[in-house]
Structures are given as structure tokens and as C-alpha cells.
Amino acid sequence: MGHTTAATLEKISGDIDTMMADYNESLDTIWMLVAAMLVFFMHAGFSLLESGCVRFKNTQNILAKNLCVVTLGFLSWYFVGYPLALGAVDDPGKMA
């Protein structure tokens, strides 16, 4: 009876450790998504600020410049930052 209880406790302890690792990974993912969303809203705010500081005829140029900044930032992260942050992937064709 004591051997079964020790095995059960060991199994429960392993399950709890696995759940904690999954929970921590989920929190990290949620934080990264929230931070990315804040950055995109920051870019939108800067677009509004810069548009308000120039004449009406230059607004389209400012908005196009900010769109280029966001696009180039995303592409730079995708091709340079991601491999530096997370390392090379084993199978580039596999998404996850």
C-alpha cells in the first residue's frame, strides 16, 4: 500500500511540474502578444501625432513613411531577429 502511494505522489508531482511548465510558456506567449500589440498601437499613435504636426498636403507622405517603418521592422525581425532570438529551426517548412 505504501509503495502505491509513493508512486502515485511521484506521478502527481510530475504532472504538476508539466502543468507549471505549460502555464509559464502560456504566460510568456501572452506577454509577447500584448507587447507586440502595444508596439503597433504606439506606431499608430506616432502616425497621428506626426500627421497633426504637418500640413494637410503632407499627411499622406507621413502615413506612407510610417507604414514603411512598420513593414521594414517586421521584415527585419522575421529574417534577422527571430533566428537570433530563438535559434535556427530544424525544418524551415514546418510552421510550429
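Visitor: Is Glu 50 buried, partly exposed or exposed?

Guide: Glu 50 counts as partly exposed, at 25% relative accessibility. Buried means under 20% relative accessible area, exposed over 50%, and partly exposed in between, with a 1.4 Å probe and protein chains only. This is a predicted model, where local features need pLDDT of at least 70, side-chain atom pairs count only at pLDDT 80 or more, and totals for chains, interfaces and linings use all residues. Residues are numbered from 1 along each chain as its sequence is written, and side-chain values use heavy atoms, leaving out hydrogens and water.

Visitor: Which side chain does Glu 50 meet in a salt bridge?

Guide: That of Lys 65, at 3.3 Å, N to O. A salt bridge is a side-chain nitrogen of Lys or Arg within 4 Å of a carboxyl oxygen of Asp or Glu. The pair links distant parts of the chain, with Glu 50 in helix 1 and Lys 65 in helix 2 (residues 59-86), 15 residues apart. Helices are DSSP runs (H or I, at least four residues), numbered from the N terminus.

Visitor: How many salt bridges does the structure hold?

Guide: There are 2 salt bridges. Asp 15 and Lys 11 also meet in one, at 3.1 Å, N to O. Both lie in helix 1 (residues 2-52), about one turn apart.

Visitor: New topic. How are the rings of Phe 74 and Tyr 78 placed?

Guide: They are stacked, because their centres are 6.2 Å apart and their planes at 25 degrees. Rings of Phe, Tyr and Trp (its six-membered ring) pair if their centres lie within 6.5 Å; planes under 30 degrees apart count as stacked, over 60 as edge-to-face and the rest as tilted. Tyr 78 also pairs edge-to-face with Phe 79.

Definitions and conventions. Helices (H or I, at least four residues) and strands (E, at least two) are DSSP runs, numbered from the N terminus.
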